[in-house]
There are 2 protein chains.
Amino acid sequence: MTIYDISEKAGVSIATVSRVLNGSQSVSEKTRQKVLDVMEQCGYTPNAFARGLGLNTMQTIGIMCADSSDPYLAKAVYYIEQKLRSRGYDSLLSCTGYELEAKEYSMNLLITKKVDSIILVGSNFVYEREEDNRYIAEAASQVPVMVLNAAMDTPNVYSVMSDDYTSIYNATREMVAGGIRDILYFYNSHSYSGRRKLSGFQAAMEEQALSGGAPLVEFYRGSHEDIHAMVRHLRAVRDAGKEFHGVIAADDTLGLAAVKYAAEAGYRVPEDFSVISYNNSMLACCCQPELTSIDNKLETLCEHLVATLFGILEGKEMPKKTVFSGETVRRGTTRRTASDTEQAKPICTHER
Amino acid sequence: MTIYDISEKAGVSIATVSRVLNGSQSVSEKTRQKVLDVMEQCGYTPNAFARGLGLNTMQTIGIMCADSSDPYLAKAVYYIEQKLRSRGYDSLLSCTGYELEAKEYSMNLLITKKVDSIILVGSNFVYEREEDNRYIAEAASQVPVMVLNAAMDTPNVYSVMSDDYTSIYNATREMVAGGIRDILYFYNSHSYSGRRKLSGFQAAMEEQALSGGAPLVEFYRGSHEDIHAMVRHLRAVRDAGKEFHGVIAADDTLGLAAVKYAAEAGYRVPEDFSVISYNNSMLACCCQPELTSIDNKLETLCEHLVATLFGILEGKEMPKKTVFSGETVRRGTTRRTASDTEQAKPICTHER
DNA sequence: GATAGAAATGTAAGCGCTTACATCTGGCGC
DNA sequence: GCGCCAGATGTAAGCGCTTACATTTCTATC
């Protein structure tokens, strides 16, 4: 069943059929209807490959994500896919893992498949060393690249992110204001946003000259699913003589581990021990007491990212970087403090 | 940069270039090398659309999933995508939501995009009413359809699933053996596997003539992320006069809610109150005490599903239905019983 | 060294669609 | 009634690749 069959049955030329397929103006209403009828009646579906060959697009977007089984990334992928679909685009998903080489490889594969754009979901795609990001610049020379939660100053790369630095900075100050001085920053990623969070923590601590030496910081490198390993890690820190009564965690899993650790160690939370984590995912409500967590407005970010992408695809000039500010959702792992009254502030800023 | 440019620079015909592109045997080693060199040096990439048009495939598989932000489904998608990619296939992901109409629509879209197969991730795609499954049969008339965790007796539809019925049946018996008689079955889905689980529970209960009347069963219809709503639901059940000291939960989220409920109600777990849930996801380790949960071997299922798919694509005859048995992972929400000694049994059975 | 047959290569006809350009209408003003 | 123009339709040339079939080039055999 091809365009020829339809054209014949409808008594028109293939050009006319193609025109109704593409919604061209210059087809009389009468013939358009006739052609549509024939299509309907024949159950005709245009061949996507031929269409792609002619139009040089198949309306698909490549989504890259290190690990879609990570609940946070999964959620981002979900939001993005939803919003793409609602505009008639499909998503080629590529779960690359965290190795640079695998990312480069997948990137090429997606470009080869002629996607209209590539969306990098997660800040782990942007490395600290400039040269490790060349693969992104290269891809961007072919199609616009959107990146969620990390920024790059590269032509044709657009970023939408939350202000992790400030969120963690504020959270740290809040915890200090609550009277806790021995705070551990517990994180698991050297990604772009990982670096931003870390410096937010350090800035807040150093500013208050709280740490006798350098602020207490621990990097967890195991599986993001293995809560027990995280708890063990925390235990080891204390066993090494570094006691702490507060944890700022880079994500909810780590925060949850901190709560488990505190319970095990016999601390009362939040009286003797505080935890603030990041993401405000469903995990925050899974432990007892429930986690105070920073919400980075994932859905808003994704929405904005997709809207920006379509702006670009339509040829509009769009902001290269948009930053949204987060919001701390207070639950049971922190005490109420005076600074709780969140000051009003702009929720989103653009950069060209 | 097309095949013509390469053929010219390499001093061969386009047919030869195409042959090396497709790994044809009948190219001399010398010319193959020359062509490859030229390609390399020109950074040539074949046009996927043209290739698709010629070969009638672009090596992509459609993955449908109601909600990839559901941790269990996300994980399944992750495993499947991984395994497809490792064989050089890409995945078109479609998050359809739970409405039949949306599923039908997405299915058509995927077929339109000429995927080589469609994988339905999650038992919610298979409805109880035969006629609601026509969209699957129709798709299966075009491409093989693989379904995870549900079975259908339809040509060209292949199933890989776990034996939910038996898992829940055994779990229920185990809890009864532990001395608990007022058990609530808490579930949130009427999907294929949801129905199987429910009957597993009912069979076990009725067999032992334990419920004075019908076994206690509650259906939760809210968001799968809203633990608090689930706890409220359980509370309402008790407030309605139906006390229970054990919960068999259809997934870990519901199980986690049960643990929260028990804590709130002042029950000691597992002394006064038991919980067994399903999926053995990371959530099982998030609460205190940790959840005893049934592991349905998701990775194995996915692996098998993809292997079956490739068998089909290679034209081999493959089993229409494969069932794996699950395994209960005992943690803190159940007491040790004599029946703990799991009897050895076949882990996987096939059907043609 | 002639020759058959295998191996390597080339030619050209698609694959199903888009679209620039050519052609054909019909309605309008004069 | 004529010419003109805009709108509708048709013609045909791609898009970049695959592949059946034709042709050429080896290789081995006698």
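Two strands count as paired here if DSSP finds at least two bridges between them. Keep that in mind as we walk through this predicted model, since it comes up where the two protein chains meet.

Let's start with chain A by itself. It has 12 helices and 13 strands, and its C-alpha trace spans about 85 × 40 × 35 Å along the principal axes. Of the 352 residues in chain A, 49% are buried. If you look at contacts in chain A with a separation of 6 or more, 71% of them join residues 24 or more positions apart.

Now bring in chain B. Here 39 residues of chain B are in contact with 39 residues of chain A. On the chain B side, α4 (48-55), α5 (71-85), β2 (90-95), α6 (100-112), α10 (227-239) and α11 (252-265) each supply at least two residues. The top contributor is α5(B), with eight residues. Sort that side of chain B by residue type and you get 21 nonpolar, 10 polar and eight charged.

Strand β2 (residues 90-95) of chain A pairs with β2(B) in the antiparallel sense, over three bridges. To find your place in that pairing, look at A:Ser91, whose bridge partner in β2(B) is B:Leu93.

Finally, turn to the DNA. There are 26 residues around DNA strand C, and those that come nearest are A:Ile3, A:Ser18, A:Ala50, A:Gly54 and B:Ala15. By type, the surface near DNA strand C divides into 13 nonpolar, 11 polar and two charged residues.

Conventions: Residues numbered from 1 in each chain as written. Chains lettered and ligands numbered in written order. Predicted model: local features only at pLDDT ≥ 70, side-chain atom pairs only at ≥ 80, totals over all residues. Contact = placed C-beta atoms within 7 Å. Helix = DSSP H or I, 4+ residues; strand = E, 2+ residues; numbered from the N terminus. Nonpolar A, V, L, I, M, F, W, Y, C, P; charged D, E, K, R; others polar. Near = placed C-beta within 6 Å. Buried ≥ 20, exposed ≤ 12 C-beta atoms within 10 Å, placed from the backbone.
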